[in-house]
Amino acid sequence: MPLDPKRTVAELRELQELTGDADGAQRVAWTDTWVKAQKWMAGKLAGIEMEFDEARNQWWTLPGDSDRALIIGGHLDSVPNGGWLDGALNVVAGSEVLRRIADEGEPPVTVRLVSWADEEGARFSRSLFGSSAAAGSMADQDELRERKDAEGTALPDAIAAHGVDLDGATGARRQLESAAAYLELHIEQGPVLESMDLPLGVVLGTFGVERHLVTFRGQAAHAGSTPMDKRQDALAGAAKLELEIREIAKRIGEGAVCTIGSVVTKPGIVTSVVETAECLLDQRHLDATQLAEMLSNAEAASRRFAQEENVEVEWERIWNIEPILFDDELIELADESIREVAGTSRRLPSGPLHDAAEVSRAGIPTVMLFVQSLRGLSHTKLEDTKEEHIELSVQALDRLADRAVEWVGSR
Ligand SMILES: [Zn+2]
């Protein structure tokens, strides 16, 4: 069968009809609806070798002349009341490419499609379950054993109902042993491509993140009896920092983002100067050096403001992750593929993490394609992409798959 991008759009609508409702997509991992989606996908690829691995990742394989494998990946699971494209586009578009390649006879290298299990982490707040198991980076089994969903079902029980043993899940690692390249198409989930009027872009990598709790400590004092020049107002330090991080992000540039998402003040009453202000700070950049620079700039600024306001400040790291950079040569091939089908390409970083980041961390050359999202919306039923852009994205993935097959074969 020749490539038919219109069929991808039709199949995505069919999947939405089958597994969604008036509130959006309901393919939450480890539910019957998710399994229904997996069976539906298996039906669309009947005739191609299919298996579930130890983490319930779903794999299709076209054996090639060489065992070295090009992998195309995505995820069928969604958040509750999710969009029709997040994750599913990658799998359904990948299936179209796989059928096209299968139709042309044995490929020179093995070509595989994977639908990763539980990318979203919607039920147990643990994202990238299947891909981290396969990548060998899943190390939080002890913590996961204690996780429960909103109904009180424990994670080990929920996944056991789908044939997955928490400790055995990492057996999925064998799936990446022969992997030579990994491709993932995804909706952008942000406004950049739409604002530039471009259908497609190449993803350079995923942002590194530094997350800190920054606490300013002053002295509670009566709001009526304490003169303005005698105050140790913790909120004043926090307020100055909030405005300064915007300047820091602007100065560093290249997509830098800094956010104080929460400030909790104590005692938090109208009759007292603020004694403590706890700020949650999130900083992101694609370049590790620049990210470190942003962090040290914010730290230095906070000390300066603490001094100015006669308060103290302390920093506690909550979470961090290094930037994950995709493969230079695959980025080049992705650029060529996009230019071929859409005329212009654009390179951009990804704010959200994706399964591709786990695969890349495992040392497998990886690249992602983004297709424009309308209004930048995702994780809502309002998520949408123009049909013509979906069709272009299938074509670009197809061209990239051909280039990548050749690239894997030549290495
Ligand atoms: Zn996704």
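Student: Which residue in β12 is the bridge partner of Val-214?

Tutor: Trp-315 is the bridge partner of Val-214. Keep in mind that this is a predicted model.

Student: Noted. How many bridges are there between β9 and β12, and in which sense do they pair?

Tutor: Nine bridges, in the antiparallel sense, with β9 covering residues 208-217. Another partner pair there is Glu-210 with Asn-320 of β12.

Student: And what joins β9 to β11?

Tutor: Ten bridges, and β9 and β11 also run antiparallel. Thr-215, for instance, has Glu-278 in β11 as its bridge partner.

Student: What is the strand order in that sheet?

Tutor: The order is β10-β11-β9-β12, in an open sheet of four strands with antiparallel pairing. The edges are β10, residues 257-266, and β12, residues 312-321, each of which pairs on one side only. On average, neighbouring strands are turned by 15° against each other, direction ignored.

Student: Which helix packs on the sheet?

Tutor: Helix α8, residues 234-252, does, and it touches β9, β10 and β11. The direction of α8 makes about 175° with that of β10.

Student: Is β9 enclosed or open to the outside, and why?

Tutor: Strand β9 is largely enclosed by the rest of the structure, because seven of its ten residues are buried.

Student: Switching to the surface. Which residues make the nonpolar patch of about 270 Å²?

Tutor: Leu-280, Ile-318 and Trp-319 make that patch. Leu-280 lies in β11, which spans residues 276-285.

Student: Why is Leu-280 called partly exposed rather than buried?

Tutor: Its relative accessible area is 38%. Buried would need a value under 20%, and exposed a value over 50%, so the residue falls in between.

Student: Salt bridges next. How many does the structure hold?

Tutor: The count is 33.

Student: What does Arg-112 pair with?

Tutor: Arg-112 forms a salt bridge with Glu-51, and the closest N and O atoms are 3.6 Å apart. Arg-112 lies in strand β6, residues 109-115, and Glu-51 in strand β3, residues 49-52, so the pair ties together parts 61 residues apart in sequence.

Student: Which of the two is buried?

Tutor: Arg-112 is buried, with a relative accessible area of 7%, while Glu-51 is partly exposed at 28%.

Student: And what about Arg-347, which residue does its side chain meet?

Tutor: Asp-335, in a salt bridge of 2.6 Å, N to O. Arg-347 lies in strand β14, residues 347-350, and Asp-335 in helix α10, residues 328-342, so this pair ties together parts twelve residues apart in sequence. Here Asp-335 counts as buried at 7% relative accessibility, and Arg-347 is partly exposed at 35%.

Student: Which residues are linked in a network of salt bridges?

Tutor: Arg-7, Glu-11, Glu-96 and Arg-99 are.

Student: Back to α10. What does Ile-331 contact?

Tutor: Ile-331, which sits in α10, is in contact with Val-202, Val-203, Leu-204, Phe-326, Arg-347 and Val-367, leaving aside neighbours within four places in sequence. Ile-331 is buried, with a relative accessible area of 3%.

Student: How far apart are Ile-331 and Arg-347 in space?

Tutor: They are 8.5 Å apart, C-alpha to C-alpha, and 16 residues apart in sequence.

Student: Last one. Where is Thr-380?

Tutor: Thr-380 is in the loop between β15, residues 366-371, and α12, residues 387-409. Not counting residues up to four places away in sequence, Thr-380 touches Asn-81, Gly-82 and Gly-83. The C-alpha atoms of Thr-380 and Asp-23 are separated by 8.3 Å, although the two residues are 357 residues apart along the chain.

Conventions. Residues numbered from 1 in each chain as written. Predicted model: local features only at pLDDT ≥ 70, side-chain atom pairs only at ≥ 80, totals over all residues. Heavy atoms only, no water. Patch = residues over 30% accessible without salt bridge, like charges linked within 9 Å, V, L, I, M, F, W, Y side chains within 5 Å. Areas by Shrake-Rupley, 256 points an atom, 1.4 Å probe, with all protein chains shown as cover. Salt bridge = Lys/Arg side-chain N within 4 Å of Asp/Glu carboxyl O. Helix = DSSP H or I, 4+ residues; strand = E, 2+ residues; numbered from the N terminus. Buried < 20%, exposed > 50% of the residue type's maximum accessible area, 1.4 Å probe, protein only. Pairing = 2+ DSSP bridges. Axes fitted to C-alpha atoms, helices over the stretch in contact; angles between N-to-C directions. Contact = heavy atoms within 4.5 Å.
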